[in-house]
Amino acid sequence: MEDRDYAVRLIVEGTAVVGYVARTTFLVERARKLHTTFPIATAALGRALTLASLMGIGLKENQQVTLQIRCRGPLGGLLVQANWKGEVRGYVSNPQVILPSREKGKLNVEEAVGPGSQLLVVKDLGLREPYVGSVEVQRGGIAYDLAYYFALSEQLPSACSAGVYVGKRGEVLGSGGFIIHTPQGTAQEVISVLEANIASLGEVSKRLYRGARPEELAEKLFKDLPYRLTGRENLRYHCHCSRWRAKRALLLLGEEELEDLLMREGRGEVSCPFCGKVYTFSGENLREMVNHLKNRGGSHESH
Ligand code: ZN
């Protein structure tokens, strides 16, 4: 079912403008169920998952992007990751935030995130060190803040939009968004056309709910411009956690902490924040890990 979510990539001929447009309704609904989010957190997480997936499909093979918000507001924190294959996952610290609406019918994501929060963008491009950029959150609605990040941190003027239409019972009825990069030097006429098109598009999530496809949104966004679709990528919520990674997380605790855990609990548990899967390690497993760390004698070899 989930592969009904997808994104299209496009370019505007004769310019350096590139765009990505996505429907993420099913993967955001999956995230909602997985994390039992209430509407505000559903919207915040859904917007971030959408934007990360749009950035993800702009990456090259084996690359990954992480968006993290250290929230000053009651949402606490938000972290999403997406890769070049259209796989995305994420979580929020407080999935059941409740706040009054400031505007009728609008979920108060801005206040839940909180202005003055920190938005971090980590791009793992397969180099030794990941690329890390960060900006102060301006509004908290996430899409605007990401556009601010692109302008400030990457000197890449961009239009970002992401929306989640939540139903009366909290279910996700429509979700999606777009990112359009208009690098410096883009002709003003092109930018003006895009601005007018964006303004007349209205709410993306409601259009998707009413059955619009990403191609149709692209048609409206790039109306009167010589655009061309250059690709299509399926999007899905996918967690790639494993027992091996869980074990590494335990090893990071260090010898003393592990020994302490062994004494107190007699076993170890690691639960994945992205998908909730629990990895259990027996006392014997823990003992082996402690011995492994002891034998290593504090050196930092890894495999
Ligand atoms: Zn997982």
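Predicted model: local features only at pLDDT ≥ 70, side-chain atom pairs only at ≥ 80, totals over all residues.
The strands E6 and E7 are paired in the antiparallel sense, with six bridges between them. They form a hairpin in which six residues lie between the two strands, and within that turn Gly126 has a positive phi of about 85 degrees. On the sequence side of strand E3, which spans residues 64–70, there is a further antiparallel pairing with strand E6, residues 118–124, and this one runs over seven bridges. Within that pairing, Ile69 has Leu119 of E6 as its bridge partner.

These pairings belong to an open sheet of six strands, whose order is E7-E6-E3-E4-E5-E11 and whose pairing is mixed. The edges of the sheet are taken by E7 and E11, each of which has a single partner strand, so that one side of each is left without a neighbour in the sheet.

Another set of pairings involves strand E2, residues 18–23, which is mostly covered, since five of its six residues are buried. Strand E1, residues 6–12, pairs with E2 in the antiparallel sense over six bridges, and in this pairing Ala7 stands opposite Ala22 in E2. The two strands E1 and E2 form a hairpin with five residues between them, and Gly14 in its turn has a positive phi of about 80 degrees. Strand E2 also pairs with strand E9, residues 172–181, again in the antiparallel sense and over six bridges, with Gly19 standing opposite Ile180 in E9.

Thr36, although it is not a glycine, has a positive phi of about 45 degrees; it lies in the loop between helix H1 (25–35) and helix H2 (39–56), where it is partly exposed, with a relative accessible area of 48%. Ile142 is likewise not a glycine and has a positive phi of about 80 degrees. Ile142 is placed in the loop between strand E7 (131–136) and helix H4 (143–153), and with a relative accessibility of 5% Ile142 counts as buried.

Leu156 and Pro183 are 27 residues apart in sequence, yet their C-alpha atoms are 5.4 Å apart in space. Leaving aside residues up to four places away in sequence, Leu156 touches Phe150, Ala151, His181 and Pro183.

The zinc ion brings together another group of residues. Its protein donors are the SG atoms of Cys239, Cys241, Cys272 and Cys275, which lie 2.2 to 2.3 Å from the ion. The angles among the four donor atoms are 104 to 116 degrees, and the site is tetrahedral; for four tetrahedral donors the ideal angle is 109.5 degrees. Along the chain, the donors follow the spacing C-x1-C-x30-C-x2-C. Cys241 lies in the loop between strand E11 (236–237) and H8, whereas Cys272 lies in the loop between E12 and E13, so the pair ties together parts that are 31 residues apart in sequence. Cys241 is partly exposed, with a relative accessible area of 22%, while Cys272, at 9% relative accessibility, counts as buried.

The buried residues of H10 are Leu286, Met289, Val290 and Leu293, and they cover an arc of only 100 degrees around the axis, which puts them on the same side of the helix. An α-helix has 3.6 residues a turn, so residues three or four places apart point the same way. The buried residues of H10 pack against helix H8 (243–251), helix H9 (255–264), strand E12 (268–271) and strand E13 (278–281). On the face turned away from this buried side, H10 carries the exposed residues Glu284 and Asn295.

How values were computed
Residues numbered from 1 in each chain as written. Heavy atoms only, no water. Buried < 20%, exposed > 50% of the residue type's maximum accessible area, 1.4 Å probe, protein only. Helix = DSSP H or I, 4+ residues; strand = E, 2+ residues; numbered from the N terminus. Arc of directions from axis to C-beta. Contact = heavy atoms within 4.5 Å. Donors = N, O, S within 2.8 Å, 3.2 Å for Na, K, Ca; no water. Tetrahedral: all angles 85-135°; square planar, octahedral: opposite > 155°, others 65-115°. Pairing = 2+ DSSP bridges.
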